[in-house]
Amino acid sequence: MIEKEIFDKNFVDDVYNRYLNAIEKRSVWESYWEECYEYALPQKSGTFNGENFSNVKKNTNVFDSTAESAVDRLASSLLSQLTPPWSKWFGLEFGIDIADDDKKEKYLQLENIEKILQSHLDRSNFYVEAHQCYLDLITVGTAVMLFEENAVGENSAFKFTSVPMNEVAFEENTNGKLDTVFRRSYVSLANLKIR
């Protein structure tokens, strides 16, 4: 039997109110984002006005595919230049707390960890989802990628999801730095217990 997770009602109310506030702040941008999608990434148009259905006509205002083509080409270029699938594009280094003598001894271990991480990235859906994120980044100026642990027994330990912009809202801390991302999702309330 699955145990119910217990949440304090004040905590739930606080998070929900913060989410509503973030959605309200995001609403200023939605019409701009929608227009950007309409002309540069029409397959995602209708996202914010509820018209993103397969039976809705798209591209009705687009008479030239220059913007669409440019977005796709730039996303492909970013993928190949920043996160190329055919080569290692990241590296790991020791922190300042490790003595120089220990670094030499443990360097091979760190190199092995890099190879394992690269192997899991190569077998994951990262590159497909990264391309989708680059499309959003180019079109509306921001993107969100969800990074999760994959189920045991899958080809890769990692699972990535390019989260549609209509599902996310951002919150800044008191210093004006973005530190919270809310994502609208649907959770079964059967496993939640609010007191």
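Residues are numbered from 1 along each chain as its sequence is written, and side-chain values use heavy atoms, with hydrogens and water left out. Because the model is predicted, local features need pLDDT of at least 70 and side-chain atom pairs count only at pLDDT 80 or more, while totals for chains, interfaces and linings use all residues.

Two packed helices are described by the angle between their axes and the distance between the axes. Axes are lines fitted to C-alpha atoms, for helices over the stretch in contact, and angles run from 0 to 180 degrees between N-to-C directions. Helices (H or I, at least four residues) and strands (E, at least two) are DSSP runs, numbered from the N terminus.

Helix α2 (residues 66-82) and helix α4 (residues 126-140) have axes that come within 9 Å and cross at roughly 125 degrees. The pair is therefore oblique; angles under 35 degrees count as roughly parallel, over 145 as roughly antiparallel, 65 to 115 as roughly perpendicular and the rest as oblique. In α2, the residues that meet α4 include V71, L74 and L78, and those of α4 include Y127, Y134 and I138. Contact means heavy atoms within 4.5 Å. The residues of this contact divide into 11 nonpolar, three polar and one charged. Ala, Val, Leu, Ile, Met, Phe, Trp, Tyr, Cys and Pro count as nonpolar, Asp, Glu, Lys and Arg as charged, and the others, Gly among them, as polar.

Helix α1 packs on α4 at an angle of about 115 degrees, with the axes 9 Å apart, which makes α1 roughly perpendicular to α4. W33, C36, Y37 and A40 in α1 meet D136, T139 and V140 in α4. Five nonpolar residues, one polar and one charged form this contact.

The lining of the second largest pocket has five nonpolar, one polar and four charged residues. Among them are W29, W33, F170 and E171. The elements giving two or more residues to this lining are α1 (9-40) and β4 (168-172), and α1 gives the most, with five.

Technical notes: 1 Å grid on protein atoms, 1.4 Å probe; cavity = no way out; pocket = protein on both sides within 12 Å on 5 of 7 lines; lining within 4 Å.
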